[in-house]
Number of protein chains: 2
Amino acid sequence: MSHLQKITFSSDRLIEAQLLLLLQIKSSHGYELIQRLNDADFTIEEVDPATIYRHLRRMDKEELVKSHWETGPSGPGRRLYTVTKSGEELLSQWTINIKQQKEKLANFLKTYEQYHNS
Amino acid sequence: MSHLQKITFSSDRLIEAQLLLLLQIKSSHGYELIQRLNDADFTIEEVDPATIYRHLRRMDKEELVKSHWETGPSGPGRRLYTVTKSGEELLSQWTINIKQQKEKLANFLKTYEQYHNS
DNA sequence: AAAACCTATTTGCAATGTGAAAATAGTTGA
DNA sequence: TCAACTATTTTCACATTGCAAATAGGTTTT
């Protein structure tokens, strides 16, 4: 493939993995994803809505998700997001990265405790 | 205390905790810290020197570390950093945050695996 | 002795991402 | 009607980053 985009796994992009996971479990629109993120036991802080919407748009452009506009019977129009095959593949790579990150944090704590019990 | 600075625990500031830990173990100057970070088993990626130097200067201003200029017998002058009491206290708070973060990552992986074995 | 290299820190610049707030807009309930 | 809720987008100022270059002392190689 000629133009594979560069994959960024920096931990400040963790929100991407979280969105992909939630979307894999169930397609949603932005507003609902914000609530699901705030309810999830794997997120830390309240997320700023603008950040979520911006990530979703970016991920749409990068074809990690696809979206279509829904003008339902009630409420304002909303954009329904679904994860793509490419997004699922990226999510699976994210889990490897997250396992690593978890190990690194464990090593940090180990070093800290070793130093403080001696 | 009247002007406690706001503490940021966002994971992209993890570098701060890493620097504080290394400095608590042993005072160092920037150049050495870059090497120690790259050797440590709790860091992920290669760090950009500019980032390290900038964080050290910021932490100096915030009195998490203190520094003094060393004109040793060999090599160019260098700034020797030592962690302060305030820096040690912050590091201890960081460990709590890192434990939480580790838990959140574990929860993420649990949710992922639960979804993929059903 | 000049050239190249290592140690050591700082600064400039463009790019990226964020939070906060406001703009937009449809729907529902009092 | 007015307020509240749902839903998304955009603007602005600010923080931070990576990369590169500038600066500079010291050591090693040719």
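I take helices (H or I, at least four residues) and strands (E, at least two) as DSSP runs, numbered from the N terminus. The expected span of a helix is 1.5 Å times one less than its number of residues.

I note that this is a predicted model, where local features need pLDDT of at least 70, side-chain atom pairs count only at pLDDT 80 or more, and totals for chains, interfaces and linings use all residues. Residues are numbered from 1 along each chain as its sequence is written, while chains are lettered from A and ligands numbered from 1 in the order in which they are written.

**Entry: helix 3 of chain B**

I checked the length of helix 3 of chain B. Its 13 residues should span 18 Å at 1.5 Å a residue, and the end C-alpha atoms are 19 Å apart, which agrees.

Next I looked up burial. I call a residue buried if 20 or more other C-beta atoms lie within 10 Å of its own, exposed if 12 or fewer, and partly exposed in between, with C-beta atoms placed from the backbone. Which residues of helix 3 of chain B are buried? They are H55(B), L56(B) and M59(B). An α-helix has 3.6 residues a turn, so residues three or four places apart point the same way.

The face turned away from this buried side carries the exposed residues A50(B), R54(B), R58(B) and K61(B). I then asked what covers the buried residues of helix 3 of chain B. The cover includes helix 1 (14-25), helix 2 (30-39), strand 2 and strand 3 (78-83) of chain B; contact here means C-beta atoms, placed from the backbone, within 7 Å.

**Entry: the positive phi values**

After helix 3 of chain B comes E63(B), with a positive phi near 60°. E63(B) sits in the loop between helix 3 (49-61) and strand 2 (65-70) of chain B. Is E63(B) buried or exposed? E63(B) is exposed, with 12 other C-beta atoms within 10 Å.

Most residues other than glycine have a negative phi.

**Entry: where chain A touches chain B**

I find 23 residues from chain A and 24 residues from chain B in the contact. On the side of chain A, helix 1 (14-25) and helix 4 (85-116) each give two or more residues. Helix 4 of chain A has the largest share, 14 residues.

Helix 1 of chain A is mostly covered, with 9 of its 12 residues buried. Among them are L14(A), E16(A) and A17(A).

**Entry: DNA strand D**

I count a residue as near a strand if its C-beta atom, placed from the backbone, lies within 6 Å of it. How many residues surround DNA strand D? There are 22, and the closest are H29(A), G30(A), A50(A), R78(A) and D48(B). Helix 3 of chain A gives the most to this surface, with 5 residues.

**Entry: the sheet of chain A**

Strands pair if DSSP finds at least two bridges between them. In chain A, 3 strands form an open sheet in the order 1-3-2, with antiparallel pairing. Strand 1 (28-29) and strand 2 of chain A stand at the edges with a single partner strand each, so one side of each is left without a neighbour in the sheet. I find 2 bridges joining strand 1 to strand 3 of chain A. H29(A) stands opposite L80(A) in strand 3 of chain A.

How values were computed. Contact = placed C-beta atoms within 7 Å.
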